[in-house]
Amino acid sequence: MEARALWHIGDTRSEILSENLSLPTDYLAVKSAYSSISLGTEKLVATGKVPSALHTIMQVPYQSGNFAFPTKYGYSIVGQTEDSRWLHTLHPHQDYLAIAHADAYFFSATIDPKVATQLSNLETVINAIWVSKVTEKHTVLVCGLGSVGILLAQTLKEYIGAKVWVLETNSAKKTALQDWGFNCCNGQKEYDICFNVSASADGLQYCIEHTVTEGKIMELSWYGNQSIMLKLGTHFHYKRLQLISVQVSEIPIEYRDRHNYLSRKQLAEKIMQQISFASFITRIIPFDSLPDFFEEVRSDKTNNDFITLVKY
């Protein structure tokens with residue numbers, strides 16, 4: 001079987017290349033339908049900004065090549081088996097897949113396959129909720145409304161019942177957030193818990209300056225090998241603020257006696273069945289246009305979208 005996949009050839013060029021796909025007897029053949037672009041991480045990969053010390057740790061299932069280029073990379077993909085069952089798996093952007101049975105998560109037929117691409121992002125959201133211990137009593141801020149940020153804000157509002165405010169500097173996205181009924185912050189409030197998903201020093205600094213005494217700042221961004229500068233001499237120390245990392249793949253230690261990777265995925269599916277996320281998918285790119293999309297990404301073209309998918 002021939003498969004076509006997106007490869008980052010170097011830090012300035014991406015191509016779709018063909019390869020022969022073998023199918024071991026204990027593997028599933030999958031026709032891809034949609035994959036999700038994790039923009040922050042994938043930009044760092046495409047521009048060669050993954051720290052060399054993390055080249056092994058950052059490998060994703062079925063990745064080929066390495067972060068020093070060329071590399072075949074991607075994140076979250078949904079497709080169908082030969083008997084028409086829908087599944088979610090972790091895999092680079094590719095039109096046909098051969099995956100082990102253990103790597104397939106078969107989700108309910110009631111879920112839109114486009115929305116199902118966000119199962120992995122919802123697992124990140126769940127980790128942030130678990131680690132933060134957020135409840136309906138908290139007033140919270142979500143700073144940076146990309147794919148994870150918008151899912152987090154909606155889940156905090158609709159599933160947890162917290163009082164949610166959002167901070168987004170992109171004017172087009174800010175208008176959309178207001179149309180969807182989100183409270184856009186005005187700089188006058190302080191929050192019990194701030195979730196930074198902006199991947200920027202400015203966003204993290206804003207959270208530090210607008211969190212209540214002994215409040216929590218949850219850092220969901222990943223910066224690759226980029227350094228950021230923060231001012232910790234004002235609010236951070238005298239308020240005794242907690243700055244806490246949220247890491248996507250590992251189950252938080254205090255939850256490991258109750259959850260594993262499967263049960264967390266099942267919880268993500270449960271949330272997906274209770275909350276509508278479809279309207280947040282604001283761009284769908286044809287697979288063959290992916291090299292052009294990553295040329296945009298490398299040029300730092302303004303991104304007005306919340307969740308971006310690839311259609312095969």
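This is a predicted model: local features need pLDDT of at least 70, side-chain atom pairs count only at pLDDT 80 or more; totals for chains, interfaces and linings use all residues.
What lies over the buried residues? At the start, a side-chain oxygen of N170 comes to within 2.9 Å of the backbone nitrogen of A172. Just after the helix, G181 adopts a positive phi of about 95 degrees.

The next topic is the nonpolar interior. In soluble globular proteins, nonpolar side chains tend to be buried together. Here, the largest nonpolar core has 52 residues, and the members that touch the most others are L152, L156 and F195. Apart from neighbours within four places in sequence, L156 is in contact with I129, V134, V140, V142, G161, A162, V164 and F195.

The cysteines come next. A disulfide is a covalent bond between the sulfur atoms of two cysteines. How many disulfides does the model hold? The count is zero. For C184, the nearest cysteine sulfur belongs to C185 and is 7.6 Å away. C184 has a relative accessibility of 17%, so it counts as buried. For C207, the nearest cysteine sulfur is that of C194, at 4.4 Å, and C207 is in no disulfide either. This can be followed with the cut-off in hand: a disulfide requires two cysteine sulfur atoms within 2.5 Å. C207 is also buried, with a relative accessible area of 0%.

A pair of aromatic rings is described by the distance of the centres and the angle of the planes. The structure holds seven such pairs. One of them joins F293 and F294 in an edge-to-face arrangement, with 5.4 Å from centre to centre and 85 degrees between the planes. Both F293 and F294 are buried. Elsewhere in the model, ring pairs link W180, F182, F280 and F306 into a cluster.

Which form does the peptide bond from F69 to P70 take, cis or trans? The bond is cis, with omega near -5 degrees. P70 sits in the loop that runs between β4 (64–65) and β5 (71–72). Two residues other than glycine have a positive phi. Y62 has a value of about 70 degrees and is found in the loop between α1 (39–46) and β4. With a relative accessible area of 22%, Y62 is partly exposed. D300 has a phi near 60 degrees and belongs to the loop between α9 (290–298) and β17 (307–311). At 52% relative accessibility, D300 counts as exposed.

Notes:
Residues are numbered from 1 along each chain as its sequence is written. Side-chain values use heavy atoms; hydrogens and water are left out. A polar contact is a pair of N or O atoms within 3.5 Å; within protein, one must be able to donate a hydrogen and the other to accept it, and residues adjacent in sequence count only if both atoms are side-chain atoms. Helices (H or I, at least four residues) and strands (E, at least two) are DSSP runs, numbered from the N terminus. A nonpolar core is a set of buried Ala, Val, Leu, Ile, Met, Phe, Trp, Tyr and Cys residues joined through side-chain atoms within 4.5 Å. Buried means under 20% relative accessible area, exposed over 50%, partly exposed in between (1.4 Å probe, protein chains only). Contact means heavy atoms within 4.5 Å. Rings of Phe, Tyr and Trp (its six-membered ring) pair if their centres lie within 6.5 Å; planes under 30 degrees apart count as stacked, over 60 as edge-to-face and the rest as tilted.
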